[in-house]
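The following note sets out points for discussion with a colleague. Please read it alongside the sequence and the coordinates.

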Amino acid sequence: VGALWGPVLEKHVAAIATERLQLILNEVLVKAGAKKPWKYIEAVAVEEVTFGLVPPRFQFCLARYDPARAVLCLSMDINYVSSGFQAVLTPRLR
């Protein structure tokens with residue numbers, strides 16, 4: 001994981017996190033849009049999410065293959081500590 005984190009995995013994980021964070025923020029704006037402080041915000045764009053140079057540490061991983069569905073399920077216990085995590089959000093005010 002360490003060798004692939006910087007050039008490959010971090011970008012992929014960051015793209016997934018950016019997409020999911022955008023969905024969560026959109027949902028919060030719809031559900032709580034009439035309440036303070038959300039009522040002053042029209043939209044929030046997730047510009048960038050980065051996780052830094054330090055890869056997560058996998059402490060446990062269990063792989064289960066289901067041949068009937070042709071699916072490999074991975075269950076993991078991950079510890080992630082970084083000083084390089086950063087998210088850039090752009091709110092658009094009403």
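1. Which residue takes a positive phi in the hairpin of E2 and E3? The model under review is a predicted one. In this hairpin, four residues lie between the strands, and Ala-70 takes a positive phi near 55°.

2. A salt bridge links Asp-66 to Arg-69, with 3.6 Å between the closest N and O atoms. Asp-66 is partly exposed, its relative accessible area being 28%, whereas Arg-69 counts as exposed at 60% relative accessibility.

3. The salt bridges number three by the rule applied. Side chains of opposite charge can pair when their charged atoms come close. Another of these pairs is formed by Lys-31 and Glu-27, whose closest N and O atoms are 3.0 Å apart. Both residues belong to helix H1 (residues 2-32), where a separation of four residues places them about one turn of the helix apart. An α-helix has 3.6 residues a turn, so residues three or four places apart point the same way. Lys-31 is exposed, with a relative accessible area of 64%, while Glu-27 is partly exposed at 44%.

4. Arg-92 forms a salt bridge with Glu-42, and here the closest N and O atoms are 4.0 Å apart. Because Arg-92 lies in strand E4 (residues 86-93) and Glu-42 in strand E1 (residues 41-50), the pair ties together parts that are 50 residues apart in sequence. Both partners are partly exposed: Arg-92 has a relative accessible area of 49%, and Glu-42 one of 43%. The 4.0 Å separation should be read against the criterion itself, which requires the nitrogen to be within 4 Å of the carboxyl oxygen.

5. The buried residues of H1 are Trp-5, Glu-10, Ala-14, Thr-18, Leu-25, Leu-29 and Ala-32. These buried residues pack against E1 and E4, the two strands that hold Glu-42 and Arg-92 respectively.

Terms used
Residues are numbered from 1 along each chain as its sequence is written. This is a predicted model: local features need pLDDT of at least 70, side-chain atom pairs count only at pLDDT 80 or more; totals for chains, interfaces and linings use all residues. Side-chain values use heavy atoms; hydrogens and water are left out. A salt bridge is a side-chain nitrogen of Lys or Arg within 4 Å of a carboxyl oxygen of Asp or Glu. Buried means under 20% relative accessible area, exposed over 50%, partly exposed in between (1.4 Å probe, protein chains only). Two strands pair if DSSP finds at least two bridges between them. Contact means heavy atoms within 4.5 Å.
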